[in-house]
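Reader: I have a model open and want to go through its contacts with you. Can we start?

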Amino acid sequence: MQNEILEAIARGEALRDVTERLCRRVQEITPSAICSVIGVDGERRLRPLAAPDLPEHYSQALDGIEISACCGSCGTAAYRGEEVIVTDIASDPLWAPFKELPLPLGLRACWSSPIKARDGRVVGTFAFYYRDCRGPSELELAIVQTCVHLCAVAIEHAEMQSRAHRLAYFDTLTGLANRAQFGAAFERMIVAEKPCFGLLLIDIDQLKLTNDTMGHAVGDALIATVGRRLRRLAIGGLPCRIGGDEFAILLEGCSEAAALRDAAHAVLSAMVTPFQHDGHTVTPRVTIGGVLSGEDGRDAVTLRQNADFALYHAKEQKRGGYIRFKSGLRTSIMQRIQTVRRVDEALSEERIAPYYQPVVRLDTAEIIGLEALARMRSRDGRMIAAGEFQEALTDPKVAYRLTGQMIAAVAADMRAWLDGGFHFQQVGLNVTSADFQKGDLAARIVKAFEKVEVPLRHLVVEVTESVFLAERNQSVARNVRELRSRGALIALDDFGTGYASLTHLLQFPVDVIKVDRSFVERVQTDKQSSAIVEALILIADRLGMKIIAEGIETGAQAEHVLAMGCRLGQGYHYSKPVPKHLASDLLRRFGQRPGSRRIVPALPFEASAA
């Protein structure tokens, strides 16, 4: 019997089959006894494994009972970790809560022995039921000693197989199906006779930022919380964790766009509740892309790519929301990816350089400062304006690298101008959302400017209102405070084009407001634009802020905004952005001298630059 059971275990037979085989063989040797094998799970609850001669309802009644000091023979043996012999079920107090189960079956006595793993854990019980009020015989004692050992081997082997299976097919942090199980299920649905399913790809927003600012323990708690909430969703399907911050849900039988959308919205709704971990309050936020089999792709590669494209587009255009793949999305995203690649190559080959556009006093046309604007030189020598590669800056890594190169180049140019005796007050430098995500923008700027010994009072950090307001964390405010404390000025760029309100000027103190060109170009013809600009000028003056009118293209526009009280401006009327050597020439000819009040003819600087 022992050899037979060990061979069954070695062949990989299921635990229930092994224990049932054992019970039947034992009952052949001791026909007066009825065998039962019960497992004990991690929550210390009974889980019947085999009892071939007991009715099904008996095992069902025991399933899930928590072991205790008064829990029949088996539950008590598991609780005590020692054998329990009850020779009279009808009168023994251990069986008082359960005696109505065995007595109607004619079972009068029960002897149960604990099954222990090698580490001492009680993992089950092996029991003999008798129809007479008696205890075990010498032969039965010997048999049970062998059976308990065999059961321990079988249960531990099953645990090892279960652990291996979980490691192979389940994510350890969330308990969800992992990438391997996702791939197998995805392939099974694809090759079905009539594939019909939906796929949602889900990405956690700002996980890296959470890790960097709150610690990896909070980041892991965020991942685990998202996984737990996906597992509890009542939308069916198979939720999986397929990467660090990426999840997926396979929705078998989903054939309608509306059903896919409803499932996505259920995911989004499940994430809105904050959770606490290690003293931090975190609200999970995810972005979702979706596809339907058939409509959005028929083979595995196309369908998965299109789901990735939908997620990528959602992260760029609708972060924190859901977008389903649609025709044309593949082409636009491929173009964007190509643009990212071209800019990345230009950065590696140092083909990105700052061009400078003057900021002038409107009453004297003297240059008081410059704004640095990124330009990319193509391999054929053509200079490409930022507008043509703006899409690449949606890639956080590219945007971060570009700003890094611009910081170094601008700092070096400013050092050269200071050494050459050129007169300027500040140079503006544009930064992006990606520059705040790592939380080290202030440190990067300070390090670069200290390296070339340029005081930060000569720097204006230009931030668009969308960057100010889109960040839910404190990284923007913290870096802005640090830079201002070291003497740099902060400009709110393109004001009026986004969704900022005047109250945000109090939440995010700035030194300069740059009125967007869309207002300036209509200031002479549109009463509303004129009224808004005039109000901004007044507010900026009252708050002690400077105001710069962007996009001045004619002398009439310059005169108009000057008459309204705006003293500073920039635009093609004065100069297009020019490379360093031409910017140096402009500073030499038109730079404001200390204490100067001279009136300089308002000639287009671009003419001399040409």
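This is a predicted model: local features need pLDDT of at least 70, side-chain atom pairs count only at pLDDT 80 or more; totals for chains, interfaces and linings use all residues.

Reader: How many salt bridges does a search of the whole structure find?

Author: The search gives 39 salt bridges. A salt bridge here is a side-chain nitrogen of Lys or Arg within 4 Å of a carboxyl oxygen of Asp or Glu.

Reader: Take arginine 285. What does it form a salt bridge with?

Author: With aspartate 205; the closest N and O atoms are 3.8 Å apart. Arginine 285 is in the loop between strand S10 (280-282) and strand S11 (286-292), and aspartate 205 is in the loop between strand S6 (197-204) and helix H7 (207-214), so the pair ties together parts 80 residues apart in sequence. Helices (H or I, at least four residues) and strands (E, at least two) are DSSP runs, numbered from the N terminus.

Reader: Is aspartate 205 buried or exposed?

Author: Aspartate 205 is buried, at 3% relative accessible area, whereas arginine 285 is partly exposed at 27%. Buried means under 20% relative accessible area, exposed over 50%, and partly exposed in between (1.4 Å probe, protein chains only).

Reader: And arginine 379, which side chain does it meet in a salt bridge?

Author: That of glutamate 345, at 3.6 Å from N to O. This pair links distant parts of the chain, 34 residues apart: arginine 379 sits in the loop between strand S14 (367-377) and strand S15 (383-385), and glutamate 345 in helix H11 (residues 329-348). Arginine 379 is exposed, with 60% relative accessibility, and glutamate 345 is partly exposed with 31%.

Reader: What about aspartate 585 and arginine 589, how are they placed in helix H21?

Author: They are four residues apart in H21 (residues 580-590), which means a separation of about one helical turn. Aspartate 585 is partly exposed at 23% relative accessibility, and arginine 589 is partly exposed at 39%.

Reader: Which residues are linked in a network of salt bridges?

Author: Glu4, Arg11, Glu13, Arg21, Arg25 and Glu28.

Reader: Changing topic. How do the axes of H2 and H5 cross?

Author: At roughly 170°, with the axes of H2 (residues 15-29) and H5 (residues 138-169) coming within 10 Å. The axes are lines fitted to C-alpha atoms, for helices over the stretch in contact, and angles run from 0 to 180 degrees between N-to-C directions. The two helices are therefore roughly antiparallel, a label for angles over 145 degrees.

Reader: Which residues make the contact?

Author: From H2, Leu15, Val18, Leu22, Val26 and Ile29; from H5, Ile143, Cys147, Leu150, Cys151, Ala154, Ile155 and Ala158. Contact means heavy atoms within 4.5 Å. These residues divide into 12 nonpolar, no polar and no charged. Ala, Val, Leu, Ile, Met, Phe, Trp, Tyr, Cys and Pro count as nonpolar, Asp, Glu, Lys and Arg as charged, and the others, Gly among them, as polar.

Reader: What else covers the buried residues of H5?

Author: The cover includes helix H1 (2-10), H2, strand S1 (33-40), strand S2 (46-50), S4 and strand S5 (122-130). Among the buried residues of H5 are Glu140, Val144, Val148 and Glu156.

Reader: S4 came up. Where does serine 113 lie?

Author: In strand S4 (residues 109-116). Serine 113 is buried, with a relative accessible area of 7%. Leaving aside neighbours within four places in sequence, serine 113 is in contact with Glu83, Gly124, Thr125, Phe126, Val144 and Val148.

Terms used: Residues are numbered from 1 along each chain as its sequence is written. Side-chain values use heavy atoms; hydrogens and water are left out. Angles under 35 degrees count as roughly parallel, over 145 as roughly antiparallel, 65 to 115 as roughly perpendicular and the rest as oblique.
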